[in-house]
Amino acid sequence: MPENSGINEFRTLLSDTGRCRVATLKRDGRPQISTVDYCWDGADLLRFSTTADRAKVHNLRRDGRISIMVDSPDGASYAVFEGTAELTPTAGTTDDATVEELVDVFRRVQGEHPDWDEYREAMVADGRLVVRARLERAYGFIRPTSPGGANATELPRLHVLVASTRPERSGPAIADWITAKAKESGLFDVHLVDLAEFELPLLDEPNHPAARNYTKDHTKRWSASVDAADAFVFVAPEYNFAINAALKNALDYLFFEWHYKPVGFVSYGNTSAGLRAQQMTKQVVTTLKMLPLNEAVAVHYFGNHLEDGRFVATEQHDGAAEAMLAELRRVAEALAPLRAGN
Ligand SMILES: Cc1cc2nc3c(=O)[nH]c(=O)nc-3n(C[C@H](O)[C@H](O)[C@H](O)COP(=O)(O)O)c2cc1C
């Protein structure tokens with residue numbers, strides 16, 4: 001990855017929560033640098049809590065420009081995000097909007113607090129506020145993937161997508177199985193992604209996705225997720241002999257984000273094992289310049305393989321999954337130069 005690539009590639013170095021270094025501008029022009037724990041919305045908003053008397057807050061009140069640096073766990077890759085910061089008012093009462101947002105930030109970064117009343121009082125006493133940094137551009141370096149590399153950050157990033165979104169669905173049980181298989185294989189940096197969590201309405205963007213001019217937060221989150229992946233496994237049902245609508249809708253939302261990414265299928269159904277949906281999805285994904293694999297897992301009468309909500313694979317399922325994952329890795333690597341120039 002060359003320096004000064006687009007912001008989307010560098011987003012892969014951000015997590016939902018993590019630690020980063022923040023640079024603001026002192027009055028004399030030198031950078032003021034400190035470390036904070038942040039939460040990120042998956043798109044362009046990064047937030048952290050601080051107190052009103054800190055140097056970075058004084059700096060930001062004078063000049064909202066902010067730079068945020070993160071690096072990979074092995075230190076081999078780094079990204080600097082440049083943006084503009086907005087400050088909430090300082091916490092004034094235990095139930096004002098700033099304290100509500102501080103509660104939200106704390107929950108995302110650290111989970112539940114043992115005593116929220118005490119936390120709220122401390123926020124007011126400390127004079128805390130939230131810094132909201134809008135990320136606008138990025139530069140840095142991402143170490144290229146090396147085949148067979150031992151470090152997860154060097155492996156192609158695989159998103160196992162649960163394509164069914166309905167309540168009480170069976171998809172997650174099957175997705176858990178293939179996610180575990182993919183992790184065991186050591187071929188990928190594996191992430192389970194649940195389409196339901198993105199709560200995508202029927203496509204509601206005014207612009208064609210090729211313009212990448214997204215107006216809705218749900219689209220920005222979905223775009224960031226798909227962008228981060230190098231390869232996909234779609235764990236997908238068949239509805240009325242066809243692709244399920246939620247998956248088709250999710251595919252339609254984006255364009256460049258899908259380009260040059262291979263996709264393997266784990267389809268499931270009754271007599272047809274979801275194969276009609278699989279074939280139909282291939283027609284759509286090739287239009288998005290994805291590369292669907294022949295190697296696939298097709299689960300007939302999937303209900304017969306569920307025990308206490310867990311998918312119990314046969315030898316054939318395991319064998320098909322292993323062949324599909326090996327091919328997915330080969331193709332993901334072969335397409336890497338095309339993705340880099342995308
Ligand atoms: C709207 C709808 C249409 C369905 N159509 C098919 C079908 O064409 N072929 C099939 O094998 N199963 C079909 N089924 C049964 C699904 O295989 C079964 O409900 C499965 O659990 C769906 O996956 P999910 O639970 O992850 O959503 C259909 C189910 C629904 C809800």
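1. Let's start with how α3 and α4 cross: the crossing is right-handed. Bear in mind that this is a predicted model. Which residues make the contact? From α3 come Val99, Leu102, Val103 and Phe106, and from α4 come Trp116, Tyr119, Arg120, Met123 and Val124. By type, the residues of this contact split into 8 nonpolar and 1 charged, with no polar ones.

2. Now the geometry of that pair. Two packed helices are described by the angle between their axes and by how far apart the axes lie. Here α3 covers residues 97-110 and α4 covers residues 116-126; they pack at about 120°, and their axes are 10 Å apart. Because angles of 65 to 115 degrees count as roughly perpendicular and only those over 145 as roughly antiparallel, α3 ends up oblique to α4.

3. On to the ligand. How many residues surround the ligand? There are 13, and the closest are Ser164, Arg169, Gly171, Pro237 and Gly269. Strand β9, residues 231-239, gives the most to this shell, with 3 residues. Sorted by type, the shell has 7 polar, 3 nonpolar and 3 charged residues.

4. Stepping back to the whole protein, you'll find 10 helices and 15 strands. The C-alpha trace spans about 65 × 45 × 40 Å along its principal axes.

5. Last, how does the radius of gyration fit a compact globule? For 342 residues, such a globule would come out near 20 Å; the protein has 22 Å, so the two agree.

Technical notes. Residues are numbered from 1 along each chain as its sequence is written. This is a predicted model: local features need pLDDT of at least 70, side-chain atom pairs count only at pLDDT 80 or more; totals for chains, interfaces and linings use all residues. A residue is near a molecule or strand if its C-beta atom, placed from the backbone, lies within 6 Å of it. Helices (H or I, at least four residues) and strands (E, at least two) are DSSP runs, numbered from the N terminus. Ala, Val, Leu, Ile, Met, Phe, Trp, Tyr, Cys and Pro count as nonpolar, Asp, Glu, Lys and Arg as charged, and the others, Gly among them, as polar. Axes are lines fitted to C-alpha atoms, for helices over the stretch in contact, and angles run from 0 to 180 degrees between N-to-C directions. Angles under 35 degrees count as roughly parallel, over 145 as roughly antiparallel, 65 to 115 as roughly perpendicular and the rest as oblique. A crossing is left-handed if the near helix is turned anticlockwise from the far one by less than a right angle, and right-handed if clockwise. Two residues are in contact if their C-beta atoms, placed from the backbone, lie within 7 Å. The radius of gyration is taken over C-alpha atoms; the globule rule is 2.2 Å times the number of residues to the power 0.38.
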